[in-house]
Amino acid sequence: MQELRDEAVVDVLTDNGIGVLALSSPTGAAPYPFPVAFGYDPATDSLAFHLSESDDSQKHRYLTADATVGFTVYEETEPKSVWRSVVVTGELVETTYSDVEPALASLASNTQFAPNPVSWDDTSTTPYELRIDDWCGREFRVG
């Protein structure tokens, strides 16, 4: 196992579109992890999500109680022999579509089921930005 340099972490975030977002529990219970589409724009260091939630959802309760989150992305770069993973921590904050538009454009190009940019202002979904406090990455090689 070897540490990834910052440039390689940026590559993993830029080249992928699905990860696992883990929200902190408001009660000290287990965190709430879930798969999510994301976009990353290296020019603005912006990591953005397009989340749907309702006021009575577990996701909403966790987000409003503590905005501190963890986010994990992983990829298999060479079949059955090389894997890379990145873990990002920071604060997840509600934002506007215009503030994270370059990152959401990356989301649209990297995911199979990306939201339609024409309907990004749909009130059933909300744009969020992960304000990055720290990141680290690792590469695992077999053999």
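**Close-up views of strand β7 and its surroundings in a predicted model**

**Figure 1. Strand β1 pairs with strand β7 in this predicted model**. Strand β1, residues 2-3, and strand β7, residues 125-141, run antiparallel and are joined by 2 bridges. Within this pairing, Glu3 has Arg138 of β7 as its bridge partner. The side chains of Glu3 and Arg138 also meet in a salt bridge, with an N to O distance of 3.0 Å. Because Glu3 belongs to strand β1 and Arg138 to strand β7, the pair ties together parts that are 135 residues apart in sequence. Glu3 is exposed, at a relative accessible area of 52%, whereas Arg138 counts as partly exposed, at 27% relative accessibility.

**Figure 2. Strand β6 runs antiparallel to strand β7**. The two strands are joined by 13 bridges, with β6 spanning residues 82-94. Arg84 stands opposite Glu139 in β7. The side chain of Arg84 meets that of Glu75 in a salt bridge of 2.7 Å, N to O.

Figure 3. One of the facing pairs places His50 opposite Pro127 of β7. Beyond its neighbours within four places in sequence, Thr126 is in contact with Phe49, His50, Leu51, Glu94 and Tyr97. A separation of 6.1 Å lies between the C-alpha atoms of Thr126 and Ser52, although these residues are 74 residues apart along the chain.

**Figure 4. A nonpolar surface patch includes Val142**. The patch is formed by Met1, Trp83, Phe140 and Val142, which together have about 420 Å² of accessible area. Val142 lies in the segment after β7. Its relative accessible area is 52%, so Val142 is exposed.

**Figure 5. A salt bridge joins Arg5 and Glu7**. The closest N and O atoms of the two residues are 3.5 Å apart. Arg5 counts as exposed, with 64% relative accessibility. Glu7, at 48%, counts as partly exposed. A search of the whole structure finds 4 salt bridges, among them Arg5 with Glu7, Glu3 with Arg138 and Arg84 with Glu75.

**Figure 6. Overview of the chain from which the close-up views are taken.** The chain holds 3 helices and 7 strands. From the N terminus on, its elements follow the order β-α-β-β-β-α-β-β-α-β. Of its 143 residues, 42% count as buried. Among contacts between residues at least 6 apart in sequence, 72% join residues at least 24 apart. The chain exposes about 7900 Å², of which carbon and sulfur atoms supply 50%.

Conventions
Residues are numbered from 1 along each chain as its sequence is written. This is a predicted model: local features need pLDDT of at least 70, side-chain atom pairs count only at pLDDT 80 or more; totals for chains, interfaces and linings use all residues. Side-chain values use heavy atoms; hydrogens and water are left out. Two strands pair if DSSP finds at least two bridges between them. Helices (H or I, at least four residues) and strands (E, at least two) are DSSP runs, numbered from the N terminus. Contact means heavy atoms within 4.5 Å. Patches are made of residues with over 30% relative accessible area and no salt bridge: like charges are joined within 9 Å, nonpolar side chains (Val, Leu, Ile, Met, Phe, Trp, Tyr) within 5 Å. Accessible areas come from the Shrake-Rupley method with a 1.4 Å probe; for residues, only the protein chains shown count as cover. Buried means under 20% relative accessible area, exposed over 50%, partly exposed in between (1.4 Å probe, protein chains only).
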